[in-house]
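Okay, thanks everyone, I'll keep this short. Have a look at the model on the screen, and I'll walk you through the fold, the inside and the charged pairs.

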Amino acid sequence: MAPTIGPETLRFGLEAKDLKGPVTSQSLFGNRKPLELEIGAGKGTFLLKESALRQEVNFLGIEYARRYWLYAADRLRRAARENARVVLIEAFDFINAHLADDNLSAVHIYFPDPWPKTRHRRRRLFQRNALALLTDKMKVGARLQIATDHEDYFAHIEKTIESSTLVEAPFEIRAAADG
């Protein structure tokens, strides 16, 4: 069944023009629950499962591909996930222009595009300047959870994180990771 675009779907799926001021739990959800961000929400599997299991947390996904953003928004609408939203926007733009500092309790990045061709690597999400900017948006003690199945990109991510202020911690398996 194809997702429908209507006022209810658009309540769960926002566009950049819908964002007023810094994005916080208060501005998006009207409460002060911890806010977790998923970069690259895809079809919304993580958002859907985690928002059901952890209703004490607000979840915000960002997605750049319009068809996946719409699919994820429609899934959230049909499941009535009041603690989850997805925004159609490019990751660097969102982090730079819309997130308040010291705001995120966790950031989830699962299987980002590795951009394996040398000439495309500048497009990778994990760059020193982007990671430093993202770190500014995270609260002290916040978690950055990353998963990739691309060996070369894993080495790049590891090297980038080693040069940051982040501290390595054990990976916590989330509900969406089990299928």
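This is a predicted model: local features need pLDDT of at least 70, side-chain atom pairs count only at pLDDT 80 or more; totals for chains, interfaces and linings use all residues.

**A look inside the model**

What lines the largest cavity? You've got Ile39, Ile95, Ile109, Leu125, Phe126, Ala130, Leu131 and Leu134. By class, that lining is 8 nonpolar residues, with no polar and no charged ones.

Okay, zooming out. The protein has 7 helices and 6 strands, and from the N terminus the order goes α-β-α-β-α-β-α-β-α-β-α-β-α. Of its 179 residues, 44% count as buried. If you take contacts between residues at least 6 apart in sequence, 77% of them join residues at least 24 apart. The accessible surface is about 9900 Å², and carbon and sulfur atoms account for 52% of that.

Now helix α3, residues 45–53. Which of its residues are buried? Phe46, Leu47, Leu48, Glu50 and Ser51 are.

The structure holds 8 salt bridges, and I'll pick out a few. Glu82 pairs with Arg11, with the closest N and O atoms 2.9 Å apart. Glu82 sits in the loop between α4 and β4 while Arg11 is in helix α1 (residues 7–12), so this pair ties together parts that are 71 residues apart in sequence. Both ends are partly exposed: Glu82 has 43% relative accessibility, and Arg11 has 30%.

Then there's Asp74, which has two partners. Its side chain meets Arg77 at 2.8 Å, N to O, and it also meets Arg78 at 2.9 Å. Asp74 and Arg77 are 3 residues apart in helix α4, about one turn, and Arg78 is 4 residues from Asp74 in that helix, again about one turn. Is Asp74 buried or exposed? Buried, with a relative accessible area of 4%. Arg77, at 26%, counts as partly exposed, and so does Arg78, at 46%.

Definitions and conventions: Residues are numbered from 1 along each chain as its sequence is written. Side-chain values use heavy atoms; hydrogens and water are left out. On a 1 Å grid over the protein atoms alone, a cavity is a set of points where a 1.4 Å probe fits but cannot get out, and a pocket is an open set with protein on both sides within 12 Å along at least five of seven lines; lining residues have an atom within 4 Å of a point. Ala, Val, Leu, Ile, Met, Phe, Trp, Tyr, Cys and Pro count as nonpolar, Asp, Glu, Lys and Arg as charged, and the others, Gly among them, as polar. Buried means under 20% relative accessible area, exposed over 50%, partly exposed in between (1.4 Å probe, protein chains only). Helices (H or I, at least four residues) and strands (E, at least two) are DSSP runs, numbered from the N terminus. Contact means heavy atoms within 4.5 Å. Accessible areas come from the Shrake-Rupley method with a 1.4 Å probe; for residues, only the protein chains shown count as cover. A salt bridge is a side-chain nitrogen of Lys or Arg within 4 Å of a carboxyl oxygen of Asp or Glu.
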